[in-house]
2 protein chains.
Amino acid sequence: MTGNGDTLPAATVYEVAERAGVSIATVSRTFSDSGKVAARTREAVLQAAQELQYVPAAAARALAGRRTRALGAVLPHIDGHYYSQLLVGFDIAASELGLSVVLALASPDGVHSPHALDLLGRVDGIAFMAPSGADDEFVARVAGVRPTVTVARGRVEGADAVHAENRAPARELTAHLLEHGRRRIGFVGRPEEGSDIAGRHRGCLDALEDAGLSLVRLYEVDPVEDAGREVAERILREPIDLDALVCGNDELALAVISRLTAGGVRVPEDLAVTGWDDTVAARYITPGLTTVRQEIEQLGALAARRLAARIDGSPAADPVTIGSRAVLRASCGCAEPA
Amino acid sequence: MTGNGDTLPAATVYEVAERAGVSIATVSRTFSDSGKVAARTREAVLQAAQELQYVPAAAARALAGRRTRALGAVLPHIDGHYYSQLLVGFDIAASELGLSVVLALASPDGVHSPHALDLLGRVDGIAFMAPSGADDEFVARVAGVRPTVTVARGRVEGADAVHAENRAPARELTAHLLEHGRRRIGFVGRPEEGSDIAGRHRGCLDALEDAGLSLVRLYEVDPVEDAGREVAERILREPIDLDALVCGNDELALAVISRLTAGGVRVPEDLAVTGWDDTVAARYITPGLTTVRQEIEQLGALAARRLAARIDGSPAADPVTIGSRAVLRASCGCAEPA
DNA sequence: CACCAGACTGTATGCGCTTACATCACGGAT
DNA sequence: ATCCGTGATGTAAGCGCATACAGTCTGGTG
């Protein structure tokens, strides 16, 4: 038999109060440090609490205080750099604000489990970090009843929005390709209304227009490896006159490069390729992947802070955007650095 | 001005009860489907609830029901494949059991924010997914008062434990290296008591012993890219007679290969290298990284289910281990597949 | 036709905490 | 000496729900 198996009932304010020789109100005040407790008393309470291993019951606090002190985070249940960083930033910022984070992973297509609703009863505000999709309606509904922030999604009435910069960097990235002498450019990714990839697509078109050119081809696919491989295969099968491919994210770009290279296409000599996100693999593939790095953690932190502000009564604010910077490696045609 | 800014106070059982023409007990029963409600009544309640956009307040349920219906997950705040998958598995399993997940990220060195304590007041059970470290004491303390499960950590009295298989696969992997004719093998990673990497190290030694050999060198470093690069640099600087390197994880292996290759060492011809985790980059680097793949999601799911069982009264059970399988690519000396 | 077992539903209590409001002690101002 | 402001603490009333216990109503039995 390992351990005692059972757990003793936790101490309550009453027991702490009795032990410290004060009333429960004083215990409560001590733990919510409203500053209204004399130093001596405070010490005594803390001491008693420590001895009893007292931890305030969040449920009771939430019920009495009418706020849960928790934030909800909805993201697709896929692993990967982007969402991990987002979540890390969100959690750190939330915990700095004294808020807990409750998770609600949605399936990648945006369908929520019935428990996504439970979330509403658990938190003071919700951040939607999954890409726009089947849950648009749900988001709008939530935004009507709780402080809500969307992360890199289409605009929702009543919700705050935070974004990573897409259009301008995409424009620069594409312009960079043009400087390398590329002229026949294709884009890989589905530019869905309000999504990150739509912004990247737009920026790519901007640069092209600046140069009096137009996009040779749009491969409208999901931003996943499989889709990237398929695009590469289509290119190998029906060669078209393309000298650069701007991919909506690194997953696509990596798969494209890998498959194309295996098929005999030289990257970047025959075809330059760029990605977006600066994932780990981007710096291990050959040639190194030229991509865009963003402070996704900051984005997550921003979301948490906006939510907290809304909860504290601030009105919804204008969308906020965080910056990004290109990481030039070899896949665009630059010389591989030492 | 965007949105109404304010949120209406949420509906309660009282309002639903009144609208449906029943008592609050019936509303409560309907939502906790204890099966004690007549179909007609149930319909009426659901209807009323829908109209009022009623969502049960988790805090009140928790307080009255004496259980939060939430699990806590403690993991280091680093991004990466492994922890994402773990969390995804944990969350999916938890939500299938009707439980929410509250996050508590600890800094990578195991130091918890003061808010890690809050977690105790918020959940019915806690899973520690961060590697053993500065928080060992905290884990033991939690295990004394709440159902607790450790994931890939050293044994803790009173806590359940789940692990991924390490020793046996490491033995096989090393044996595979021996089959390739390698004899002078080194290990990269710090084999800390009870950790995954300790198991891998042990398995590596097993295979060596089986063959009457011994480890040529142990590079005892943290399992991160920087450390891998430093090991590679040390090897370039002070060449030692090594023909294979078993790395504690992919991060190390990738960094080692990358740096070594840049320094003129041919992998796998001069030196074979293996990793662990089968991260994304493992299949994009050249040569493809031979590594071990594990169903980390399953591990997370297992943790959630054990916790739920403990909460429902089951006693602590014996540690559980999930399997794994080697993924042979080219870095071990195998021919690169098509 | 009286009686009883279910099957439902209602009443009432309390989960552990926050927070208005009341109380009290104390010291300076008048 | 009296009055009153100030700061510290206590009192008590819920917060929204689960649930034990007590009805109420049906239909089947003897």
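Predicted model: local features only at pLDDT ≥ 70, side-chain atom pairs only at ≥ 80, totals over all residues.
Good morning. I begin with DNA strand C, which is surrounded by 26 residues, a residue being near a molecule or strand if one of its heavy atoms lies within 4 Å of it. The closest are A:Val13, A:Ser28, A:Tyr54, B:Arg29 and B:Thr41. Of the atoms of DNA strand C that come within 4 Å of the protein, 57% belong to sugar and phosphate.

Residues are numbered from 1 along each chain as its sequence is written, chains are lettered from A and ligands numbered from 1 in the order in which they are written, and side-chain values use heavy atoms, with hydrogens and water left out.

Let us look at individual contacts with DNA strand C. From chain B, a polar backbone atom of B:Ala38 is 3.0 Å from a phosphate oxygen of DNA strand C. A base is also approached: a backbone N or O atom of A:Ala60 lies 3.4 Å from a base nitrogen of DNA strand C.

Which elements supply the surface near DNA strand C? At least two residues each come from helix H1 (13-20), H2 and H4 of chain A, together with H2 and H4 of chain B. Helices here are DSSP runs of H or I with at least four residues, strands are runs of E with at least two, and both are numbered from the N terminus. The residues of this surface divide into 15 nonpolar, six polar and five charged. In this division, Ala, Val, Leu, Ile, Met, Phe, Trp, Tyr, Cys and Pro count as nonpolar, Asp, Glu, Lys and Arg as charged, and the others, Gly among them, as polar.

I turn to DNA strand D. It is surrounded by 26 residues, of which the closest are A:Arg29, A:Thr41, B:Val13, B:Ser28 and B:Tyr54. Of its atoms within 4 Å of the protein, 59% belong to sugar or phosphate and the rest to bases. A polar backbone atom of B:Val13 is 2.4 Å from a phosphate oxygen of DNA strand D. Two or more residues of the surface near DNA strand D come from each of helix H2 (24-31) and helix H4 (58-65) of chain A, and helix H1 (13-20), helix H2 (24-31) and H4 of chain B. This surface divides into 15 nonpolar, six polar and five charged residues.

Next, the two protein chains. How many residues of chain B are in contact with chain A? There are 61, and they touch 61 residues of chain A, contact meaning heavy atoms within 4.5 Å. The area buried between the chains is about 5000 Å², with 58% given by carbon and sulfur atoms; buried area is the accessible area (1.4 Å probe) that two parts lose on being put together, summed over both.

Two salt bridges are counted between chain B and chain A, a salt bridge being a side-chain nitrogen of Lys or Arg within 4 Å of a carboxyl oxygen of Asp or Glu. Side chains of opposite charge can pair when their charged atoms come close. B:Arg283 forms a salt bridge with A:Glu225, with the closest N and O atoms 2.4 Å apart. A:Arg283 forms one with B:Glu225, where the closest N and O atoms are 2.4 Å apart. This second pair runs from the loop between strand S9 (272-274) and strand S10 (291-294) of chain A to helix H10 (residues 225-237) of chain B.

The chains also meet through strands. Strand S2 (residues 100-106) of chain A is joined to S2(B) by three bridges, and the two run antiparallel; strands pair if DSSP finds at least two bridges between them. Within this pairing, A:Val101 stands opposite B:Leu103.

Finally, I note some backbone features. Most residues other than glycine have a negative phi, and most peptide bonds are trans. The bond from A:Val267 to A:Pro268, however, is cis, with omega near 5°, and the bond from B:Val267 to B:Pro268 is cis, with omega near 10°. B:Arg69, in the loop between H4 and strand S1 (70-76) of chain B, has a positive phi near 60°. Thank you.

Key:
Polar contact = N/O pair within 3.5 Å; in protein donor to acceptor, adjacent residues only side chain to side chain.
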